Amino acid sequence: MQMPAPNPAILSRKAELVARLRAVLPADAVIADPAETRAYECDALTAYRCPPMAAILPSSTQQVSDALAICHEMGVPVVPRGSGTSLSGGALPTADSVILGVARMTAVLETDFDNRFIRVQAGRTNLSVTGAVEAQGFFYAPDPSSQLACAIGGNIAMNSGGAHCLRYGVTTNNLMGVTMVLMDGTVIELGGAHLDAPGYDLLGLVCGSEGQLGVVTEATLRILHKPEGARPVLIGFDSNEVAGACVSDIIKAGVLPVAIEFMDRPCIRATEDFAHAGYPDCEALLIVEVEGSEAEIDAQLALIEGIARRHDPVELRQSRSAEESAKIWLGRKSAFGAMGQINDYMCLDGTIPVSALPLVLRRIGEMSKEFGLDVANVFHAGDGNMHPLILFDANRPGDLETCEAFGAEILKLCVEVGGCLTGEHGVGIEKRDLMGHQYGSEDLAAQMDVKDVFDPGWLLNPAKVFPLDASRARRAARGRAA
Amino acid sequence: MTPRTEDELAAIIKGADAPLRIEGGGTRPIGGRAVGARLSTSAMRGIVLYEPGALTLVARAGTPLEEVEAALAQEGQRLAFEPMDHRGLLGTAGTPTIGGVVAANVSGPRRVQAGACRDFLLGVRLVDGAGRIVRNGGRVMKNVTGYDLVRLMAGSYGTLGVLTEVALKVLPAPQAAVTLRLSGLDDAQAVAALARALGSPFEVTGAAHLPGKATLLRIEGFAAAVAYRAERLATLLAPFGAVTIEDDPATVAATWRDIRDVAAFHGRVGDIWRLSVRPTDAPGIMAGLSGVEALYDWGGGLVWLLAPEGSAQAIRAGVNARGGHATRLRGAGADAFHPLPAPVAALQAGLRKRFDPRSILNPGLMASM
């Protein structure tokens, strides 16, 4: 992975920078000792590491503003960091950068059940947002699988999704407003407790911009009342094609499940050995969950069962109780853990049109033989978001490289069939150099124009999202401007 | 000018040396007509792709909205954001296009539950003010590849680029729908009742208040579920008075079409304003205004106002004191769009300069010059 060479002029001013940051932040909020900055050398994409020059942990919007103004003035790159759970290297530092962690900003600022929103600081974890409103029967819908740890600020940066997007949408559909600090320290408010904002949809533009346009310090989030209940049905099939056709028929029939999860045979086997959820021995398995009152759930599951029966399932198991629901979800929820037991793995995140599912799974199977690495597929089938897990051995020389090459081929295939490189993990550094497969030079230029407007110096979260070649001229122009 | 293809459009824009007024069907001159030579998208039309099993539809920008809606209806699906028809309110004629819906981010009563047009927009193709052909997003529901210009384009009124193609997520149309009706509530009581309903698990898809007339809620879904939820909701709302339930499909559809299109203000004299506010703030804002008539949608979060000419200052003062914004859809003056705080206005101007360096696309709209 190529990263820009650290700027020696910046490195040489570290002492001055740290002194200035200490003047505006609490003493324990500026970390400059190399033994301590190592804690920030990577996020959940652990294959790439680089300790930052310093890390800061502000506790208010004002402190973020003060610190950014200093970095801006000194031309120091800043890498915003939520909880460091990014799977795409979205919070990977450069050696000449300052990590700006929002981990100390966890407060709930306002809850309003009449108007159905909560306002929180950006470091609050996803799950603890729901935690703050569940006593009143409410929840925050986006549920990335890292929700116990991941921060709302990171969710906004990556426009995170989760298993229930088919029904509730992703972060951008549940985000009402932000307080954000621009690189020069300017504080802006976008959106708020009302449903739409005047002017351009800058809130929508900021969401998913991977921390490159500003540092979000506070967020207003839509909260919903919990459904009365939810129950899944598990359906096994003897081919991926048939399972894919069943998904399409369910959707066409007018049912909108909250989740349709798909697992292929390698994934079923691995999770079964690990979690013993009692899954059938079959080629493909669907878990379809619906919500509502008991009667509504019964009616929807009956409809789904009727559709599934027309596709000759090898097994069909409708949950009748919370216990049975937990058992059905057990295997799916253990899938990643099960893979980790077997091997090192790389988790991909491409999205495809649902209709391309059988073709894509067949091609992945063929490529698996070509590259000599096994793959297991877990898939949010309702929305086409695939998570192929490529198994490799990190201790075997060359395996990681083979795995990366294989992963790149799968993502290119996703684009080829009409999908995209990343459905919910973000581009980060991981998919940066594949961007040219999805977008042409004009498409990327338009996106980089946005970056130029928000952060003319290209100081925020450097070297992510855009191929370095594509952004080189713009990054060089900043040097001349400064 | 009526280009038939994206390439023709790009050539026109590249060669333009004077302002262009971008038009789909010309039915939504929100904030007044832009100046310039008319550039219509109406010849770039047709549904490019429709996969009901994937809930996805892709159409060229000039495709008539009714063509899209008819194709969806054939498969029992629909645009869940329920785009309103501005013709009655603005006194326009013409054929609304799907591109116009996206360019103005047009939604209806269901926005409160399902989301706005921008929430259903999966991808766009456009030609920007420099004549660049730009693609963003795609046709899949989950896509975080690069910056989200899809949402930036929704509601930008053609000031950043001319849309040529849009990809939308669609949803199943429900089997049944009912209206719950309360009467005799003042504005504050009505908004409280709507909040109670919207904060319930019964999936309210419409929540409106017509002062002096009725307070209305909508529930949609499978027939059995709708009956059950309507009954539970009526019980929940009992403290606000008696609830009647209407289930005749034609009546329910007409009631919500009238709310969507603000039928009560059609043909009336005065300026038309659209306010987006925190729902519980709405009655207070109205109480501070005189000589206006209001209709509340989105549980109170969307307020339609019929107001005398020259009300801008009073309306915006009321909104600014509490948060939100107000746009004048019909009426004279240069202040139709809500002023933005300086740093946000600077970002907006910066984007406009990048995407339309010569300021030729719809100059004057969205406070752009």
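Predicted model: local features only at pLDDT ≥ 70, side-chain atom pairs only at ≥ 80, totals over all residues.
Biologist: Fine. Which strands pair with strand 14 of chain B, and in what sense?

Modeller: Strand 14 of chain B pairs in the antiparallel sense with strand 16, residues 302-307 of that chain, over 6 bridges, and it also pairs in the antiparallel sense with strand 17, residues 324-330, again over 6 bridges. On the strand 16 side, B:L275 stands opposite B:V303, while B:I272 stands opposite B:R330 in strand 17.

Biologist: And is strand 14 of chain B mostly covered or mostly open?

Modeller: Strand 14 of chain B, which runs over residues 271-277, is mostly covered, with 6 of its 7 residues buried.

Biologist: Now the open sheet in chain B: what is the strand order?

Modeller: The order is 3-4-8-6-7, an open sheet of 5 strands in chain B whose pairing is antiparallel. Strand 3 (47-51) and strand 7 (133-137) of chain B each have a single partner strand and stand at the edges, so each has one side left without a neighbour in the sheet. From one strand to the next, the twist averages 15 degrees.

Biologist: How many bridges join strand 6 and strand 8 of chain B?

Modeller: Strand 6 (residues 121-128) and strand 8 (residues 161-169) of chain B are joined over 7 bridges in the antiparallel sense, and B:D128 has B:G161 in strand 8 as its bridge partner.

Biologist: What packs on that sheet?

Modeller: Helix 1 of chain B, residues 6-15, packs on the sheet and touches strand 6, strand 7 and strand 8, with its direction making about 45 degrees with that of strand 6.

Biologist: Switching to domains, what does the assignment give for chain B?

Modeller: The domain assignment gives domain 1 (6-172 + 347-367), domain 2 (176-260) and domain 3 (263-330) of chain B. The C-alpha centres of domain 2 and domain 3 of chain B lie 22 Å apart, and 13 residues of domain 2 are in contact with 14 residues of domain 3.

Biologist: Which element gives the most to the domain 2 side of that contact?

Modeller: Helix 8 of chain B gives the most, with 6 residues; among the elements that each supply at least two residues there are also strand 11 (204-210) and helix 10 (249-260) of chain B. The residues on this side of domain 2 of chain B divide into 10 nonpolar, 1 polar and 2 charged.

Biologist: On to chain A. Which residues of helix 5 are buried?

Modeller: In helix 5 of chain A, residues 126-133, the buried residues include A:N126, A:V129 and A:V133. These cover an arc of only 55 degrees around the axis, which puts them on the same side of helix 5 of chain A. The buried residues of helix 5 of chain A pack against several elements, including strand 5 (108-112), helix 6 (152-158) and strand 10 (215-222) of chain A.

Biologist: Last one: how many residues of chain A are in contact with chain B?

Modeller: There are 74 residues of chain A in contact with 69 residues of chain B. Helix 18 of chain A gives the largest share of the chain A side, 9 residues, and the residues of that side divide into 31 nonpolar, 29 polar and 14 charged.

Methods: Residues numbered from 1 in each chain as written. Chains lettered and ligands numbered in written order. Buried ≥ 20, exposed ≤ 12 C-beta atoms within 10 Å, placed from the backbone. Helix = DSSP H or I, 4+ residues; strand = E, 2+ residues; numbered from the N terminus. Pairing = 2+ DSSP bridges. Axes fitted to C-alpha atoms, helices over the stretch in contact; angles between N-to-C directions. Contact = placed C-beta atoms within 7 Å. Domains from an automatic or database assignment. Nonpolar A, V, L, I, M, F, W, Y, C, P; charged D, E, K, R; others polar. Arc of directions from axis to C-beta.
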